Every structure is written in structure tokens, then in C-alpha cells.
Amino acid sequence: MENSGQQVIWYDRYSLNPKEFIIGLGKGAAVCGLLAFTFYRSLHIFLWMLPFSLAGPVLERKSLLEKRRKELAGQFKESMMIVASSLSAGFSIENALASSVRELSVLYGKDGLIVREFAFMVQQIGMNRPVEQVLEEFARRSGLEDVKNFAEVFSVAKRSSGNVGGIMRHTAEIIRDKMQVREEILTMTASRQFEQKIMNLIPFFIVFYVESASPGFFDQMYNTNMGRMLMSGCLAVYLISYVLAKKILDIEI
């Protein structure tokens, strides 16, 4: 999407480039190979599972989307500190945004996500577009609740003809504090997420260790129908456990 000569970002959209697509596909194929080798030791099963590797690029896209959104959220928190400081100094919201661009450029460079967004908003405001409309568009594109709240509060304050500067300063401080609490909670759960990743790998380590220590120990599991059924059951339990662990640790704040 092009607007005024500058490309704006929709943070719920992402197109993988060829390199990212190949990386995602490679990860998917590697997972299929690991599961086929660990639970079946069968090339035939691996070839049967290989089409599922197409989920790799989908998951890679989702991961990159989430990474970019988190990056924007972190930068937005810093921008709220700067905006709140400018508003406290008596700047209007328009001038506070323009002043923030310079300071944010020092922190994140000219290509920083929030720098590009603030610069684009300043450009749009300079073209006599209403500030509330520009903020609402940014909130809609970002998909971040905090940006949406900031835009909504500004719109209400503008319509009520109240102390816009004071209201926005207070709102910016609240959003900043809320995002800091969110980061603290994520930091506290980081160790649990790391433990989850280790636990996900333990079944594979156990199988590889036993097989290397006692070659042929699992032959009955791979060469008989009953063994294959048991290993299929183990694979199903592992996948269910993996999904449940992800949901438990996926805390929405």
C-alpha cells in the first residue's frame, strides 16, 4: 500500500521472501524427519509426512509477524515516555510527535518501526489531516491494544475540548506503566518457556541415548505392528502435550 510516496506497514500482514520461505520449508522438513526417525525409523513414513513440511513457511510467517509486532510494541513504549515528557513541557500533541521523531531516530535509527510510523504521522498531519484520524489509522494497522487505547482517548479528549495535553500526558504514562508491567510478567515467565523447550527435546534425547547405549533395544517397536501402534500413540501424546504446554505458557496480558 502506497500513501504519499511512503509505504506504510500493516502489522497483520507479511509476505515471506524466497529465503524466509526456504528456511521455513527446511524447518518443516527437519521436524518431519526427526519425528519419522524417532518414532518410526522409516523412510516411507518420512515421505508420507513430508507434505506436512508445508506448514513450516506458515509457522515461519506467524513467527516473523509476532516478532515484528513485539518489536513495535517495545518501541511504542519508549515513544510514550518521550511523548509524555514533551507534553509535560507544554508541547501540543502535534509538536510532541514531531519532537519524538528526532529522539527516537537516535534510539532506533531512521529505519526503526516507530520512527517510520511517527515520521509518517507527522507528514500526514503536515498535509492538514486530523490528528485523531492519523492516530486511528496507525492503531488499526498496528493491531496493538495500547495504540488503539491511545488513539481512542485522544479522539474523545479532542471532541470534549478538554485539557488535551494533560489528558494525553496522563494516558501516555498509564500506557507506559502498563507495558512495563507486561514486560516484567514476560520476564518472569521466560524461564518457564525455556524449560518447556528443554522438555520438548527430552523424549528425543532419551530415545537416542538408549539406542546408542543399547543398539537394537527398540527394534520391536519399529519392526512389529504392535510396536508401530504404540509409537504412534506416543507421538500423539507428545503432540498433544506440546500444544497444551504452548497454550498454558501463552499468557495474554
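1. Starting with the cysteines: Cys234 is partly exposed, at 42% relative accessible area (buried is under 20%, exposed over 50%, partly exposed in between, using a 1.4 Å probe and protein chains only). Cys32, by contrast, counts as buried at 5%. A search of the whole structure turns up zero disulfides, a disulfide being a pair of cysteine sulfur atoms within 2.5 Å.

2. A quick note on provenance. This is a predicted model, where local features need pLDDT of at least 70 and side-chain atom pairs count only at pLDDT 80 or more, while totals for chains, interfaces and linings use all residues. Numbering runs from 1 along each chain as its sequence is written, and side-chain values use heavy atoms, with hydrogens and water left out.

3. On to helix α5, residues 113-126 (helices are DSSP runs of H or I, at least four residues, numbered from the N terminus). Its 14 residues reach 20 Å from first C-alpha to last, close to the 20 Å expected; the expected span is 1.5 Å times one less than the number of residues. Buried residues of α5 include Leu113, Phe118, Phe120 and Met121, and also Glu117 and Gln124. Just after α5, Asn128 has a positive phi of about 70°.

4. How does α5 sit against α6 (residues 131-142)? The two pack at about 150° with axes 9 Å apart; axes are lines fitted to C-alpha atoms over the stretch in contact, and angles run from 0 to 180 degrees between N-to-C directions. α5 and α6 are therefore roughly antiparallel, a label for angles over 145 degrees. The α5 side of the contact includes Ile114, Phe120 and Met121, and the α6 side includes Val134, Leu135 and Phe138 (contact means heavy atoms within 4.5 Å).

5. Then there's α4 (residues 93-108). The α4 and α5 axes come within 9 Å and cross at roughly 155°, so this pair is roughly antiparallel too. Among the α4 residues meeting α5 are Leu97, Val101, Leu104 and Tyr108, and their α5 counterparts include Val115, Phe118 and Val122. Ile114 and Ile125 of α5 are listed in this contact and also in the one with α6.

6. Last, Ser99, which is in α4. Ser99 is buried, with a relative accessible area of 11%. Not counting residues up to four places away in sequence, Ser99 touches Ser86 and Phe91.

Key. Parallel < 35°, antiparallel > 145°, perpendicular 65-115°, else oblique.
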